[in-house]
Amino acid sequence: MERIKRDTYLHQITDLLGKGEALVLTGQRRAGKSCILEQLAAQLAENGHVIYIDMEDPANADIASFRELNDVVRGRLVENRHNYLLIDEVQEIAEFERAIRFFVKQDNIDVIVTGSNASMLSSDIASAFSGRYHHIHIGCLDYNEFLQFYKLNDSDESLSAYLRWGGFPFLHQIDLKDTRTRMDYLGSIYDTIFIKDIVYRKSIRNVSLLDNLTRFIADNSGKIFSPNSIANYLKSKQIAVSANTISEYVTALSEAYVIDRLKRYDIKGKSVFEQMEKFYFEDLGLRNYLCRDKSNLDIEKVLEGAVYLQLKRQGYEVYVGQLNGKEIDFVGRSGDELIYVQVAVTLNQPDTYEREYGNLKMIKDNHPKYVVTLDSNAALIHDSGIITLHARDFLSNTHKTT
(Lines give C-alpha, C1' and ligand atoms only; values in the text may rest on other atoms or scores of the structure.)
Protein backbone atom coordinates (compact mmCIF):
# COMPACT_ATOMS: atom_id res chain seq x y z
CA MET A 1 0.00 0.00 0.00
CA GLU A 2 1.37 3.40 -1.01
CA ARG A 3 2.33 5.61 1.91
CA ILE A 4 2.21 9.31 1.06
CA LYS A 5 4.03 11.54 3.49
CA ARG A 6 2.20 14.44 5.08
CA ASP A 7 5.34 16.52 5.35
CA THR A 8 3.76 19.52 7.08
CA TYR A 9 2.92 17.42 10.13
CA LEU A 10 6.18 15.44 10.07
CA HIS A 11 8.23 18.66 10.02
CA GLN A 12 6.12 20.18 12.79
CA ILE A 13 6.67 17.12 14.99
CA THR A 14 10.41 16.73 14.40
CA ASP A 15 10.99 20.43 15.06
CA LEU A 16 9.56 19.95 18.57
CA LEU A 17 11.66 16.94 19.55
CA GLY A 18 14.40 17.28 22.14
CA LYS A 19 12.65 19.96 24.17
CA GLY A 20 11.70 17.82 27.18
CA GLU A 21 7.99 17.74 26.33
CA ALA A 22 5.62 14.94 25.42
CA LEU A 23 4.12 15.41 21.97
CA VAL A 24 0.42 14.56 21.93
CA LEU A 25 -1.10 13.98 18.48
CA THR A 26 -4.88 14.03 18.51
CA GLY A 27 -7.55 13.71 15.89
CA GLN A 28 -10.45 11.73 14.56
CA ARG A 29 -10.05 8.01 13.93
CA ARG A 30 -8.73 7.27 10.43
CA ALA A 31 -7.54 10.86 10.00
CA GLY A 32 -4.00 9.54 9.48
CA LYS A 33 -2.40 9.70 12.94
CA SER A 34 -1.16 6.10 12.83
CA CYS A 35 0.35 6.50 9.38
CA ILE A 36 2.16 9.67 10.44
CA LEU A 37 3.44 7.90 13.57
CA GLU A 38 4.71 4.95 11.49
CA GLN A 39 6.49 7.27 9.08
CA LEU A 40 7.96 9.15 12.02
CA ALA A 41 9.19 5.86 13.54
CA ALA A 42 11.01 4.93 10.34
CA GLN A 43 12.59 8.39 10.16
CA LEU A 44 13.71 8.44 13.80
CA ALA A 45 15.14 4.91 13.64
CA GLU A 46 17.95 6.27 11.47
CA ASN A 47 19.42 8.19 14.43
CA GLY A 48 18.02 6.54 17.56
CA HIS A 49 16.21 3.62 19.15
CA VAL A 50 12.46 3.52 18.57
CA ILE A 51 10.00 1.85 20.93
CA TYR A 52 6.71 1.61 19.02
CA ILE A 53 3.54 0.43 20.77
CA ASP A 54 0.31 0.14 18.77
CA MET A 55 -2.57 -0.22 21.23
CA GLU A 56 -4.89 -1.46 18.46
CA ASP A 57 -2.59 -4.45 17.94
CA PRO A 58 -3.98 -7.46 19.88
CA ALA A 59 -0.39 -8.37 20.76
CA ASN A 60 -0.41 -5.39 23.15
CA ALA A 61 -3.67 -6.30 24.89
CA ASP A 62 -1.75 -7.06 28.10
CA ILE A 63 -0.68 -3.41 28.39
CA ALA A 64 -3.83 -2.41 30.23
CA SER A 65 -2.54 0.07 32.80
CA PHE A 66 0.36 2.41 33.49
CA ARG A 67 2.10 -0.41 35.42
CA GLU A 68 2.29 -2.73 32.41
CA LEU A 69 3.28 0.19 30.20
CA ASN A 70 6.08 1.12 32.59
CA ASP A 71 7.40 -2.46 32.65
CA VAL A 72 7.29 -2.87 28.85
CA VAL A 73 9.04 0.44 28.14
CA ARG A 74 11.75 -0.06 30.76
CA GLY A 75 12.46 -3.48 29.28
CA ARG A 76 13.00 -2.02 25.83
CA LEU A 77 15.08 1.07 26.65
CA VAL A 78 18.64 1.19 25.30
CA GLU A 79 21.04 3.06 27.57
CA ASN A 80 23.68 4.15 25.08
CA ARG A 81 21.27 5.55 22.45
CA HIS A 82 18.61 8.21 22.35
CA ASN A 83 15.21 6.55 22.77
CA TYR A 84 11.96 7.51 21.07
CA LEU A 85 8.80 6.19 22.71
CA LEU A 86 5.86 6.19 20.28
CA ILE A 87 2.44 4.97 21.47
CA ASP A 88 -0.56 4.83 19.13
CA GLU A 89 -4.04 5.28 20.71
CA VAL A 90 -2.59 5.77 24.17
CA GLN A 91 -6.00 6.39 25.75
CA GLU A 92 -6.55 2.61 25.70
CA ILE A 93 -4.11 2.37 28.65
CA ALA A 94 -5.62 3.21 32.03
CA GLU A 95 -3.84 6.12 33.75
CA PHE A 96 -1.23 6.19 30.98
CA GLU A 97 -0.21 9.68 32.04
CA ARG A 98 1.38 8.33 35.23
CA ALA A 99 3.97 6.41 33.21
CA ILE A 100 4.39 9.05 30.52
CA ARG A 101 5.12 11.72 33.13
CA PHE A 102 8.15 9.75 34.35
CA PHE A 103 9.58 9.06 30.90
CA VAL A 104 9.21 12.69 29.80
CA LYS A 105 11.55 13.70 32.63
CA GLN A 106 14.36 11.45 31.40
CA ASP A 107 17.16 13.03 29.37
CA ASN A 108 17.48 10.30 26.73
CA ILE A 109 13.79 9.82 25.80
CA ASP A 110 11.39 11.68 23.51
CA VAL A 111 7.74 10.70 23.93
CA ILE A 112 5.14 10.95 21.13
CA VAL A 113 1.62 9.58 21.67
CA THR A 114 -1.60 9.66 19.66
CA GLY A 115 -5.18 9.63 20.84
CA SER A 116 -8.68 9.76 19.35
CA ASN A 117 -10.44 11.44 22.24
CA ALA A 118 -10.03 14.96 23.58
CA SER A 119 -10.68 13.81 27.14
CA MET A 120 -7.06 12.63 27.16
CA LEU A 121 -6.21 16.34 27.27
CA SER A 122 -8.42 17.07 30.26
CA SER A 123 -7.22 19.42 32.97
CA ASP A 124 -6.26 16.43 35.13
CA ILE A 125 -3.92 15.04 32.50
CA ALA A 126 -2.48 18.46 31.74
CA SER A 127 -1.78 18.80 35.45
CA ALA A 128 -0.17 15.33 35.53
CA PHE A 129 2.19 16.35 32.73
CA SER A 130 2.99 19.52 34.70
CA GLY A 131 2.68 21.49 31.47
CA ARG A 132 5.39 19.44 29.79
CA TYR A 133 3.51 18.52 26.64
CA HIS A 134 2.76 20.00 23.23
CA HIS A 135 -0.51 19.32 21.44
CA ILE A 136 -0.69 18.83 17.66
CA HIS A 137 -4.07 18.22 16.08
CA ILE A 138 -4.01 15.93 13.04
CA GLY A 139 -6.83 16.74 10.66
CA CYS A 140 -8.10 14.88 7.62
CA LEU A 141 -6.62 15.85 4.25
CA ASP A 142 -6.91 19.49 3.30
CA TYR A 143 -7.55 20.43 -0.33
CA ASN A 144 -3.87 20.50 -1.33
CA GLU A 145 -3.27 17.10 0.26
CA PHE A 146 -6.42 15.78 -1.41
CA LEU A 147 -4.97 16.75 -4.80
CA GLN A 148 -1.66 15.13 -3.89
CA PHE A 149 -3.18 11.86 -2.64
CA TYR A 150 -5.58 11.52 -5.58
CA LYS A 151 -2.99 12.75 -8.12
CA LEU A 152 -5.39 15.39 -9.40
CA ASN A 153 -4.85 18.83 -10.88
CA ASP A 154 -6.52 21.81 -9.25
CA SER A 155 -9.83 22.18 -11.08
CA ASP A 156 -13.51 22.73 -10.45
CA GLU A 157 -14.04 18.97 -10.78
CA SER A 158 -11.35 18.25 -8.18
CA LEU A 159 -12.87 20.77 -5.80
CA SER A 160 -16.29 19.17 -6.24
CA ALA A 161 -14.79 15.77 -5.40
CA TYR A 162 -13.13 17.17 -2.28
CA LEU A 163 -16.31 18.86 -1.09
CA ARG A 164 -18.25 15.63 -1.57
CA TRP A 165 -15.83 13.06 -0.20
CA GLY A 166 -13.77 14.97 2.35
CA GLY A 167 -10.31 13.99 3.49
CA PHE A 168 -10.05 10.55 5.09
CA PRO A 169 -6.69 9.44 3.63
CA PHE A 170 -7.59 5.79 2.91
CA LEU A 171 -10.41 6.83 0.57
CA HIS A 172 -7.90 7.78 -2.12
CA GLN A 173 -7.39 4.05 -2.73
CA ILE A 174 -11.04 3.63 -3.75
CA ASP A 175 -11.97 4.79 -7.25
CA LEU A 176 -13.82 8.11 -7.21
CA LYS A 177 -16.54 6.53 -9.36
CA ASP A 178 -17.10 3.68 -6.91
CA THR A 179 -19.69 5.57 -4.89
CA ARG A 180 -21.07 2.56 -3.07
CA THR A 181 -17.72 1.33 -1.73
CA ARG A 182 -16.74 4.85 -0.73
CA MET A 183 -20.02 5.32 1.16
CA ASP A 184 -19.58 1.94 2.84
CA TYR A 185 -16.13 3.01 4.04
CA LEU A 186 -17.47 6.27 5.48
CA GLY A 187 -20.23 4.29 7.17
CA SER A 188 -17.70 1.96 8.77
CA ILE A 189 -15.77 4.94 10.14
CA TYR A 190 -18.94 6.45 11.57
CA ASP A 191 -19.92 3.15 13.21
CA THR A 192 -16.46 2.71 14.75
CA ILE A 193 -16.28 6.24 16.14
CA PHE A 194 -19.89 6.13 17.26
CA ILE A 195 -19.60 2.84 19.17
CA LYS A 196 -15.97 2.74 20.34
CA ASP A 197 -15.14 6.38 20.97
CA ILE A 198 -18.51 7.67 22.14
CA VAL A 199 -21.09 5.06 23.19
CA TYR A 200 -18.62 2.73 24.89
CA ARG A 201 -16.21 5.30 26.29
CA LYS A 202 -18.93 7.64 27.56
CA SER A 203 -21.36 4.88 28.64
CA ILE A 204 -24.12 6.39 26.51
CA ARG A 205 -27.50 4.86 27.34
CA ASN A 206 -29.77 6.43 24.74
CA VAL A 207 -27.92 5.37 21.59
CA SER A 208 -30.85 6.23 19.32
CA LEU A 209 -30.95 9.79 20.66
CA LEU A 210 -27.22 10.24 20.08
CA ASP A 211 -27.55 9.01 16.50
CA ASN A 212 -30.52 11.34 15.88
CA LEU A 213 -28.61 14.25 17.37
CA THR A 214 -25.54 13.57 15.21
CA ARG A 215 -27.65 13.48 12.06
CA PHE A 216 -29.48 16.64 13.12
CA ILE A 217 -26.18 18.48 13.55
CA ALA A 218 -24.98 17.19 10.16
CA ASP A 219 -28.15 18.44 8.47
CA ASN A 220 -27.92 21.80 10.25
CA SER A 221 -24.16 22.39 10.24
CA GLY A 222 -23.37 26.09 10.22
CA LYS A 223 -26.56 27.10 12.02
CA ILE A 224 -26.54 28.65 15.49
CA PHE A 225 -28.02 26.51 18.25
CA SER A 226 -28.05 26.07 22.00
CA PRO A 227 -28.76 22.84 23.90
CA ASN A 228 -32.17 24.28 24.79
CA SER A 229 -33.11 25.04 21.19
CA ILE A 230 -32.02 21.56 20.05
CA ALA A 231 -33.97 19.92 22.88
CA ASN A 232 -37.07 21.93 21.98
CA TYR A 233 -36.75 20.94 18.32
CA LEU A 234 -36.42 17.25 19.16
CA LYS A 235 -39.39 17.47 21.50
CA SER A 236 -41.42 18.82 18.58
CA LYS A 237 -40.55 15.54 16.84
CA GLN A 238 -41.79 13.55 19.86
CA ILE A 239 -38.25 12.88 21.09
CA ALA A 240 -38.23 13.74 24.79
CA VAL A 241 -34.84 14.93 25.99
CA SER A 242 -33.38 17.48 28.41
CA ALA A 243 -31.01 20.29 27.48
CA ASN A 244 -28.44 18.81 29.89
CA THR A 245 -28.46 15.52 28.00
CA ILE A 246 -28.05 17.36 24.70
CA SER A 247 -25.11 19.27 26.14
CA GLU A 248 -23.48 16.04 27.35
CA TYR A 249 -23.92 14.33 23.99
CA VAL A 250 -22.63 17.33 22.04
CA THR A 251 -19.55 17.33 24.29
CA ALA A 252 -19.06 13.61 23.60
CA LEU A 253 -19.22 14.21 19.83
CA SER A 254 -16.74 17.06 20.18
CA GLU A 255 -14.32 15.05 22.31
CA ALA A 256 -14.32 12.27 19.70
CA TYR A 257 -13.42 14.92 17.07
CA VAL A 258 -16.60 14.31 15.08
CA ILE A 259 -17.67 17.94 15.35
CA ASP A 260 -16.15 21.28 16.30
CA ARG A 261 -18.06 23.91 18.26
CA LEU A 262 -17.68 27.57 17.33
CA LYS A 263 -18.59 30.25 19.83
CA ARG A 264 -19.80 33.71 18.85
CA TYR A 265 -17.37 36.64 18.94
CA ASP A 266 -18.52 40.20 19.56
CA ILE A 267 -16.38 42.16 17.10
CA LYS A 268 -17.11 45.52 18.71
CA GLY A 269 -16.66 44.44 22.31
CA LYS A 270 -13.85 41.94 21.60
CA SER A 271 -15.55 39.34 23.78
CA VAL A 272 -16.79 35.78 23.38
CA PHE A 273 -20.41 34.78 24.01
CA GLU A 274 -20.80 31.57 25.99
CA GLN A 275 -24.32 30.75 24.76
CA MET A 276 -25.41 29.65 21.26
CA GLU A 277 -22.85 27.93 19.05
CA LYS A 278 -22.31 26.72 15.50
CA PHE A 279 -21.24 23.17 14.74
CA TYR A 280 -19.05 21.94 11.90
CA PHE A 281 -17.86 18.43 11.11
CA GLU A 282 -14.13 17.70 11.13
CA ASP A 283 -14.56 15.78 7.89
CA LEU A 284 -16.81 16.85 5.04
CA GLY A 285 -17.31 13.30 3.78
CA LEU A 286 -18.57 12.06 7.12
CA ARG A 287 -21.03 14.94 7.29
CA ASN A 288 -22.23 14.17 3.76
CA TYR A 289 -22.56 10.47 4.57
CA LEU A 290 -24.97 11.31 7.39
CA CYS A 291 -27.01 13.45 4.99
CA ARG A 292 -26.85 10.96 2.10
CA ASP A 293 -30.64 10.58 1.92
CA LYS A 294 -31.07 14.27 1.03
CA SER A 295 -31.84 15.13 -2.58
CA ASN A 296 -28.78 17.37 -2.93
CA LEU A 297 -25.40 18.00 -1.33
CA ASP A 298 -26.42 21.37 0.18
CA ILE A 299 -23.29 22.94 -1.25
CA GLU A 300 -23.55 26.13 0.82
CA LYS A 301 -23.18 24.22 4.11
CA VAL A 302 -20.38 22.07 2.75
CA LEU A 303 -18.44 25.03 1.32
CA GLU A 304 -18.77 26.88 4.61
CA GLY A 305 -17.46 23.81 6.42
CA ALA A 306 -14.49 23.57 4.07
CA VAL A 307 -13.57 27.23 4.65
CA TYR A 308 -13.78 26.70 8.41
CA LEU A 309 -11.46 23.68 8.23
CA GLN A 310 -8.94 25.65 6.17
CA LEU A 311 -8.88 28.48 8.71
CA LYS A 312 -8.38 25.95 11.48
CA ARG A 313 -5.57 24.28 9.53
CA GLN A 314 -3.87 27.68 9.19
CA GLY A 315 -3.71 27.89 12.98
CA TYR A 316 -6.54 30.31 13.70
CA GLU A 317 -8.92 30.13 16.62
CA VAL A 318 -12.18 30.40 14.74
CA TYR A 319 -15.38 32.11 15.90
CA VAL A 320 -18.70 33.26 14.47
CA GLY A 321 -18.61 37.06 14.27
CA GLN A 322 -21.39 39.30 15.61
CA LEU A 323 -21.62 43.04 14.97
CA ASN A 324 -24.68 45.24 15.41
CA GLY A 325 -27.01 42.30 14.99
CA LYS A 326 -25.29 41.13 11.81
CA GLU A 327 -23.29 37.94 11.39
CA ILE A 328 -19.81 37.43 9.96
CA ASP A 329 -19.39 33.77 9.00
CA PHE A 330 -15.91 33.45 10.48
CA VAL A 331 -13.52 35.46 12.60
CA GLY A 332 -10.06 33.91 12.78
CA ARG A 333 -7.83 34.97 15.64
CA SER A 334 -4.13 34.28 16.05
CA GLY A 335 -2.54 36.37 18.77
CA ASP A 336 -3.27 40.00 17.89
CA GLU A 337 -4.05 39.12 14.29
CA LEU A 338 -7.63 38.86 13.06
CA ILE A 339 -9.16 37.79 9.76
CA TYR A 340 -12.81 38.10 8.70
CA VAL A 341 -14.34 35.74 6.14
CA GLN A 342 -17.75 35.57 4.48
CA VAL A 343 -18.76 32.54 2.41
CA ALA A 344 -21.26 32.58 -0.48
CA VAL A 345 -21.77 29.99 -3.20
CA THR A 346 -22.58 32.80 -5.64
CA LEU A 347 -22.71 36.58 -5.51
CA ASN A 348 -24.92 36.98 -8.55
CA GLN A 349 -27.99 38.02 -6.56
CA PRO A 350 -28.00 41.70 -5.42
CA ASP A 351 -29.29 40.88 -1.93
CA THR A 352 -26.55 38.27 -1.45
CA TYR A 353 -23.86 40.69 -2.61
CA GLU A 354 -25.12 43.41 -0.27
CA ARG A 355 -25.30 41.05 2.70
CA GLU A 356 -21.83 39.55 2.33
CA TYR A 357 -19.97 42.80 1.55
CA GLY A 358 -22.22 45.06 3.64
CA ASN A 359 -21.57 43.08 6.80
CA LEU A 360 -17.81 43.26 6.26
CA LYS A 361 -17.93 47.00 5.52
CA MET A 362 -19.37 47.60 9.00
CA ILE A 363 -16.08 46.42 10.51
CA LYS A 364 -13.92 49.52 10.85
CA ASP A 365 -10.54 48.01 11.68
CA ASN A 366 -7.77 47.28 9.17
CA HIS A 367 -7.59 43.51 9.51
CA PRO A 368 -7.95 41.45 6.29
CA LYS A 369 -11.48 40.81 5.02
CA TYR A 370 -12.39 38.10 2.53
CA VAL A 371 -15.38 36.83 0.61
CA VAL A 372 -15.00 33.23 -0.59
CA THR A 373 -17.24 32.09 -3.45
CA LEU A 374 -17.60 29.54 -6.25
CA ASP A 375 -18.18 32.28 -8.83
CA SER A 376 -15.75 31.94 -11.72
CA ASN A 377 -15.25 35.73 -11.90
CA ALA A 378 -14.29 36.07 -8.22
CA ALA A 379 -10.90 37.61 -9.01
CA LEU A 380 -12.57 40.45 -10.89
CA ILE A 381 -14.73 41.58 -7.96
CA HIS A 382 -13.30 44.45 -5.88
CA ASP A 383 -15.15 46.36 -3.18
CA SER A 384 -13.74 48.66 -0.47
CA GLY A 385 -10.54 46.69 0.10
CA ILE A 386 -12.40 43.44 0.60
CA ILE A 387 -10.62 40.57 -1.16
CA THR A 388 -12.82 38.22 -3.17
CA LEU A 389 -11.42 34.72 -3.73
CA HIS A 390 -12.58 31.64 -5.53
CA ALA A 391 -12.85 28.73 -3.11
CA ARG A 392 -10.09 26.87 -4.94
CA ASP A 393 -7.66 29.74 -4.28
CA PHE A 394 -8.66 30.04 -0.64
CA LEU A 395 -8.50 26.30 0.06
CA SER A 396 -5.19 25.84 -1.77
CA ASN A 397 -3.76 28.77 0.17
CA THR A 398 -2.47 30.55 -2.94
CA HIS A 399 -3.38 33.83 -1.21
CA LYS A 400 -1.80 35.38 1.88
CA THR A 401 -3.68 35.78 5.13
CA THR A 402 -0.63 36.49 7.27
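**Strand pairing, cores and salt bridges in the predicted model**

In strand S12, the bridge partner of Tyr340 is Lys369. The model is a predicted one. This pair belongs to the contact between S11 and S12 (residues 369–373), where 5 bridges join the two strands in parallel.

S10 and S11 form a hairpin, with 2 residues between them. Gly335, in the turn, has a positive phi of about 65°. Is S11 mostly buried or exposed? Of the 8 residues of S11 (residues 337–344), 7 are buried, so the strand is largely enclosed by the rest of the structure.

These strands belong to an open sheet of 9 strands. The order is S6-S8-S7-S9-S10-S11-S12-S14-S13, and the pairing is mixed. The edges are taken by strand S6 (224–225) and strand S13 (382–383). Each edge strand has a single partner, so one side of each is left without a neighbour in the sheet. The partner of S6 is considered next. S6 is joined to strand S8 (residues 271–281) by 2 bridges, and the two run antiparallel. Phe225 stands opposite Glu277 of S8. In a regular strand, side chains alternate between the two faces of the sheet.

Helix H13 (residues 299–313) lies across strand S7 (259–266), S8, strand S9 (317–323), S10, S11 and S12. Relative to S11, H13 runs at about 165°. Lys312 pairs with Asp260, the closest N and O atoms being 2.7 Å apart. Lys312 lies in H13 and Asp260 in S7, so the pair ties together parts that are 52 residues apart in sequence. Lys312 is partly exposed, with a relative accessible area of 25%. Asp260, by contrast, is buried at 9%.

Gln322 is placed in strand S9. Its relative accessible area is 15%, which means that Gln322 is buried. Beyond residues up to four places away in sequence, Gln322 touches Ile224, Arg264, Tyr265, Asp266, Ile267, Phe273 and Glu327.

Strand S2 (residues 49–54) and strand S3 (residues 83–88) pair in parallel over 6 bridges. Val50 stands opposite Tyr84 of S3. The chain crosses from S2 to S3 through helix H3 (residues 66–76). This β-α-β crossover is right-handed.

The largest nonpolar core holds 75 residues. Which members touch the most others? They are Tyr162, Ile198, Ile217, Val258, Leu311, Phe330 and Val341. Helix H8 (residues 179–202) gives the most to this core, with 9 residues. Ile198 is in contact with Ile193, Ser203, Ile204, Leu210, Ala252, Leu253, Ala256 and Val258, leaving aside its neighbours within four places in sequence. Another core, of 22 residues, lies apart from the largest one. Phe66, Ile93, Val104 and Ile109 are among its members.

The salt bridge count comes to 25. Side chains of opposite charge can pair when their charged atoms come close. Asp211 forms a salt bridge with Arg215, with 3.0 Å between the closest N and O atoms. Both residues lie in helix H9 (residues 207–219), 4 residues apart, about one turn of the helix. Arg215 is partly exposed, at 27% relative accessibility. Arg98 forms a salt bridge with Glu95, the closest N and O atoms being 3.4 Å apart. Arg98 has a relative accessible area of 40% and is partly exposed. Glu95 likewise counts as partly exposed, at 40%.

How values were computed. Residues are numbered from 1 along each chain as its sequence is written. This is a predicted model: local features need pLDDT of at least 70, side-chain atom pairs count only at pLDDT 80 or more; totals for chains, interfaces and linings use all residues. Side-chain values use heavy atoms; hydrogens and water are left out. Buried means under 20% relative accessible area, exposed over 50%, partly exposed in between (1.4 Å probe, protein chains only). Two strands pair if DSSP finds at least two bridges between them. Contact means heavy atoms within 4.5 Å. Axes are lines fitted to C-alpha atoms, for helices over the stretch in contact, and angles run from 0 to 180 degrees between N-to-C directions. A salt bridge is a side-chain nitrogen of Lys or Arg within 4 Å of a carboxyl oxygen of Asp or Glu. A nonpolar core is a set of buried Ala, Val, Leu, Ile, Met, Phe, Trp, Tyr and Cys residues joined through side-chain atoms within 4.5 Å. A crossover is right-handed if, with the strands pointing away from the viewer, the path from the first strand over the helix to the second runs clockwise.
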